[in-house]
Amino acid sequence: MVADQFTSLFGTDPVIHGLIGGLVIAGLNLLGASLVFLWRDPSQRAMDGALGFAAGVMLAAAFTSLIIPGVETYSNGNPLPVLAGIALGALFLDRSDAIVPHAHYLVTGRRRSDAANPSDELPVSDEKLAGVVLFVLAITLHNMPEGLAVGVGFGSGDLSTAIPLMLAIGIQNIPEGLAVSVAAINAGLDRRFYAVFAGVRSGVVEIPLAVLGAYAVQTVSTLLPYAMGFAAGAMLFVISDEIVPETHVHGHERIATLGTMLGVVVMLYLDISLG
């Protein structure tokens, strides 16, 4: 079994497992960010389909690896702790967006009424530089739930759900990493090396959060269903508030929707075959 092979390689400490999970998803983010060297000018249609796929993976993972196990296994069938966590996760991302600009605004320049203004947030004279810095901050913020989700998954001690979750988030990090690199170039980082660095920077935060998530739920086991709900709620917020709207404004709604459906299918297959 995959779980047996995983423990034979990395032992049985859930915190170490969280570290490995964080390194895997950050590494796949690096892979995605580096694709800009090979795929120098991906079309908007392709990016919308790829990000739709990422949304589908995250959507299925939020339920199969976080919400359902949180309710059925770690709350003894009581949905309230997980539901409370979902609400807190969504609230955290919502309030964070009031401080750090929405990522889609920094990429496209289309301003939403509830988006923070880059010129109000950083004392940087160069408008493009301010946009790039805040873009990285925004993407970093929205990568935090993914690292936390992986850590919480491994902290639960259930490798049958943690490993598929790790792989799912890692897979969706590939198109997400590419999107960050492309957006960084569009925002003014003309040298691809620095664009890739921006993509890597946004994914590095996942490593300490994966370790923190695993440690926290191991230390205070009663936090586990709340933490699972928090990670799921934050992921669902990012999907609905950022990814889906952004993939449906360029006239490629059908390809984005098909990408989302494919992402759901891939995650369900991973969950069943590895779980």
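Helix α3 bends by about 30° at A61, where the bend is the angle between axes fitted to the seven residues ending at a residue and the seven starting there. This report describes a predicted model, in which local features need pLDDT of at least 70 and side-chain atom pairs count only at pLDDT 80 or more, while totals for chains, interfaces and linings use all residues. Residues are numbered from 1 along each chain as its sequence is written, and side-chain values use heavy atoms, with hydrogens and water left out.

**Helix α3 and the chain as a whole**

Helix α3 comprises residues 44–72, which makes 29 residues. From its first C-alpha to its last, α3 reaches 41 Å, close to the 42 Å expected at 1.5 Å a residue; the expected span is 1.5 Å times one less than the number of residues. Of the 29 residues in α3, 21 are buried, a word that here denotes under 20% relative accessible area, with exposed over 50% and partly exposed in between (1.4 Å probe, protein chains only).

The chain contains 12 helices and 0 strands. Both kinds of element are DSSP runs numbered from the N terminus: helices are H or I with at least four residues, and strands are E with at least two. Of the 275 residues in the chain, 52% are buried. The accessible surface comes to about 12,100 Å², and carbon and sulfur atoms hold 66% of this area; the values come from the Shrake-Rupley method with a 1.4 Å probe, and for residues only the protein chains shown count as cover.

A contact means heavy atoms within 4.5 Å. Among the contacts in the chain with a separation of 6 or more, 80% are between residues 24 or more positions apart. G49 touches I255, A256 and G259, not counting residues up to four places away in sequence. G49 counts as buried, at 11% relative accessibility. The C-alpha atoms of G49 and H248 are 10.0 Å apart, although the two residues are 199 residues apart in sequence.

**Annotated regions**

The unreviewed UniProt entry carries the annotation "transmembrane region" for residues 15–39, 51–71, 193–217, 223–243 and 255–272. UniProt positions are given in the numbering used here, feature names are shortened, and annotations may be inferred rather than shown by experiment. In the model, residues 15–39 are 80% helix and 0% strand, and their end C-alpha atoms lie 36 Å apart. Residues 255–272 are 100% helix and 0% strand, with end C-alpha atoms 26 Å apart.

**Aromatic pairs**

A search of the whole structure finds 3 aromatic pairs. Rings of Phe, Tyr and Trp (its six-membered ring) pair if their centres lie within 6.5 Å; planes under 30 degrees apart count as stacked, over 60 as edge-to-face and the rest as tilted. Two of the pairs are set out below.

| Pair | Centre distance | Plane angle | Type |
|---|---|---|---|
| F6 and F154 | 5.4 Å | 15° | stacked |
| F92 and F230 | 5.8 Å | 45° | tilted |

F6 belongs to helix α1 (residues 2–10) and F154 to helix α7 (residues 127–155), so their pair links parts of the chain 148 residues apart. F6 is buried at 7% relative accessibility, and F154 is buried at 1%. F6, F10 and F154 form one aromatic cluster.

F92 lies in helix α4 (residues 80–97) and F230 in helix α11 (residues 224–247), so this pair ties together parts 138 residues apart in sequence. F92 is partly exposed, with a relative accessible area of 33%, and F230 is partly exposed, with 24%.
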